[in-house]
Amino acid sequence: MLISIGSIIVEVKNLRFNLLNIRKMALYDCKVSVFRCGEFHEVSSVDLVPGDLFEIPKETRMPCDCILMGGMAVVNEASLTGESIPVVKTPLPDLQRTYDQDEDKKYTIYSGTEILQTKSLVDDERVVGVVTRTGFTTLKGALVRYIIYPKIPKFSFSADSYKYLAVMFVISLIGVVIQLLSVSNSSTFDVVLKCLDLITITVPPALPACLSIGVNFAVMRLRRDQIFCISPQRINLAGKVTVFCFDKTGTLTEDSLSIDGYLPVDTITGKGNSFQPFYDSVKYLTFEREKTSANELFVECMTTCHALVIVKDRLIGDPLDKEMFCATGWRLQEVEGRSDKITTLVTTAEKTKEKQKQLGIFKRFDFSSKLQRMSALTKNMNTEKIRLYVKGSPEKIQELSRPETLPNNFADVLSLYTQKGCRVIALATKAFNMDMKKCQEFPREEAEKDLEFLGFMMMKNSIKKATEPVIATLTNANIRSVMVTGDNGFTAITVAKECGIISPESKVYLGELQESRGAKALTWTLTSEPKKDEELQPAEATPTKTDLDSPTRAACQRRHETTLFRLCEDDPWTDSEDYTLAFTGSAWDYLIQEDPKCFSEQMKKYLSKAAVFARMSPESKASLVEALQSTGLSVGMCGDGANDCVALKTADVGISLSDTEA
């Protein structure tokens with residue numbers, strides 16, 4: 001009785017504490033200027049309704065979900081997505097279709113996000129938005145509803161507990177029957193008392209209370225270590241996890257990136273293009289003797305192809321963009337109210353205006369993990385010429401570039417760097433012979449094709465100190481670790497070997513999707529470590545000039561001979577050898593489309609031997625977690641960003657490395 005009362009008191013206390021925290025997070029009110037009856041009126045944000053046109057408040061929290069209709073805003077969405085990097089929101093363009101809140105996120109400002117800065121694009125223009133959702137119907141409201149009324153997960157642990165109680169109850173009933181049959185001169189009261197004793201002995205009434213108290217104590221211990229649990233039911237399940245999936249960047253490796261070097265092409269026109277020697281600094285690209293048109297465009301791409309903004313005299317944006325821009329030494333200036341729609345100016349560091357080069361950015365196509373690229377339309381203020389600059393994954397830029405601008409050894413050089421663990425960013429450009437107004441109306445799909453390849457930029461982020469010990473602990477506990485990342489396959493394999501996910505002695509086969517004449521097939525590439533004479537020179541990943549000049553040289557032949565193996569056919573390995581599998585996102589999507597329920601023995605073998613999944617979209621990560629669960633495994637997922645949220649929710653146990661409310 002005392003245990004039950006104590007359990008109830010602890011449960012009520014924790015419930016009240018959680019509800020007060022939720023109320024503090026959800027309740028928000030501020031004054032806003034709303035357009036009604038032909039003019040703007042100041043009202044409470046509580047009175048906002050869908051369809052209201054209102055002025056976006058400065059340096060405060062957004063009280064509702066809205067579409068940005070005029071001006072520009074810099075928003076911190078960390079409270080919803082976990083991403084600490086501010087996001088630039090732009091006005092809704094003429095979409096020629098129905099607005100979709102999921103697809104058109106870059107024009108949507110969400111409730112609960114912090115407005116860091118607003119900026120009008122035309123003189124005397126208000127930064128305004130149209131209310132789409134309020135209260136519990138907003139994205140933040142949905143989060144609060146999920147916390148208050150969480151979806152009850154179906155855990156095998158709970159099902160096994162009920163089965164245990166049912167079996168024990170049946171045993172107690174057998175005892176009761178035996179007791180009744182053996183009754184002779186006992187009173188009715190004694191018989192009932194003995195029967196109840198049998199039931200309470202086999203099925204203790206305090207058992208649920210004890211389990212509940214144990215979970216509550218676990219939550220309290222986690223909280224003391226700054227680990228917050230929004231689904232206490234999953235704590236018991238955490239001890240049954242057999243596979244743990246990890247995101248790479250920001251989870252296994254550090255958030256910060258450093259530039260290792262640059263590899264521009266000789267020219268952007270003509271056939272037979274090739275790579276220049278490796279440069280470890282931008283200043284060498286801009287020396288007079290090295291200042292080719294390709295080098296100049298390479299640097300201009302680094303200065304313009306980003307989403308950086310200045311907030312309170314600080315450069316804010318993606319760490320990769322900041323590292324790339326700061327390496328050039330150029331200056332960034334934000335401008336307002338220009339008739340030509342230019343919002344950002346970047347200028348060289350020369351002191352005299354005669355020598356200064358200035359570029360104006362008038363339109364951006366934001367980065368998309370699905371598209372694997374971003375781009376910016378710019379105007380050279382000195383020559384009035386208009387160019388598009390693009391940066392993205394090498395595979396995507398290769399697909400969008402004109403073949404004659406790509407060096408013959410493109411794939412070999414890319415493989416050379418990715419196998420050394422470098423994160424390779426490809427740069428490209430395209431000239432436009434039309435005025436700015438027509439360029440602004442140009443659709444993204446048309447603008448970002450027939451590009452001129454400019455070269456590679458190599459970046460590295462080191463593995464966290466805690467990564468190797470954690471992976472080793474999981475391995476010793478017989479828990480398999482799997483890397484799920486959006487990065488390049490060879491880079492992911494190298495990092496997986498460094499942190500212990502893949503054994504150094506294990507052969508690694510990378511599965512990729514190959515399409516030919518409408519037919520799709522899975523191909524395997526045996527990856528290998530470079531031999532001594534194939535090492536990059538020097539340690540900062542600089543290839544020798546001979547390596548780059550000779551595409552047939554063994555040092556560049558990173559891709560071994562590949563053989564086509566369709567699903568359910570023979571594989572290029574034997575069961576007796578020590579091997580590990582890796583897959584690209586397109587290959588995984590193909591496999592899961594062929595066998596969505598993972599019924600085939602081939603698919604189960606792939607899942608049991610796979611340790612790396614590269615170029616994975618958020619949806620692909622979630623489908624991988626579901627596939628592992630369908631084979632009877634308990635799956636944990638650890639990530640740090642918004643692109644991991646779907647997989648974190650899908651997993652049996654999700655751990656988000658975020659300091660925010662999300």
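A nonpolar surface patch is formed by Leu15, Leu19, Phe136, Ile148 and Tyr149, which together have about 540 Å² of accessible area. Accessible areas come from the Shrake-Rupley method with a 1.4 Å probe, and for residues only the protein chains shown count as cover. Patch members have over 30% relative accessible area and no salt bridge, with like charges joined within 9 Å and nonpolar side chains (Val, Leu, Ile, Met, Phe, Trp, Tyr) within 5 Å; a salt bridge is a side-chain nitrogen of Lys or Arg within 4 Å of a carboxyl oxygen of Asp or Glu.

This is a predicted model, in which local features need pLDDT of at least 70, side-chain atom pairs count only at pLDDT 80 or more, and totals for chains, interfaces and linings use all residues. Residues are numbered from 1 along each chain as its sequence is written, and side-chain values use heavy atoms, with hydrogens and water left out.

**A member of the patch**

- Isoleucine 148 lies in helix α3 (residues 139-148); helices (H or I, at least four residues) and strands (E, at least two) are DSSP runs numbered from the N terminus.
- With a relative accessible area of 31%, isoleucine 148 is partly exposed, where buried means under 20% relative accessible area, exposed over 50%, and partly exposed in between (1.4 Å probe, protein chains only).

**Overall architecture and confidence**

- The protein chain contains 21 helices and 28 strands.
- Of its 662 residues, 46% count as buried.
- The chain exposes about 33,900 Å², of which carbon and sulfur atoms supply 54%.
- Among contacts (heavy atoms within 4.5 Å) with a separation of 6 or more, 66% join residues 24 or more positions apart.
- The average pLDDT of the protein chain is 79, and 84% of the residues score at least 70; pLDDT is the predictor's confidence in each residue, from 0 to 100.
- Among the elements, strand β10 (residues 243-246) has the highest mean pLDDT (94) and strand β24 (residues 563-564) the lowest (38).
- Over residues 530-569, pLDDT stays under 50, and the model has 81 contacts beyond four places in sequence for them.

**Helix α10 and threonine 328**

- Helix α10 (residues 319-328) has as its buried residues Leu320, Asp321, Met324, Phe325 and Thr328.
- These residues cover an arc of only 120° around the axis, which puts them on the same side of α10; the arc is that of the directions from the helix axis to the C-beta atoms.
- An α-helix has 3.6 residues a turn, so residues three or four places apart point the same way.
- Threonine 328, in helix α10, is buried with a relative accessible area of 13%.
- Neighbours within four places in sequence aside, threonine 328 contacts Val282, Val299, Met302 and Thr303.
- Threonine 328 and valine 282 are 46 residues apart in sequence, yet their C-alpha atoms are 6.0 Å apart in space.

**Helix α16**

- Helix α16 (residues 489-499) is largely enclosed by the rest of the structure, because 10 of its 11 residues are buried.
- Among these buried residues are Phe490, Ile493, Lys497 and Cys499.
- Glycine 500 follows α16 and has a positive phi, near 100°.

**Positive phi outside glycine**

- Glutamine 226 has a positive phi of about 60° although it is not a glycine.
- Glutamine 226 sits in the loop between α6 (207-224) and α7 (233-238) and counts as exposed at 59% relative accessibility.
- Arginine 615, also not a glycine, has a positive phi near 50°.
- Arginine 615 occupies the loop between β26 (610-614) and α20 (618-630) and is buried, with a relative accessible area of 19%.
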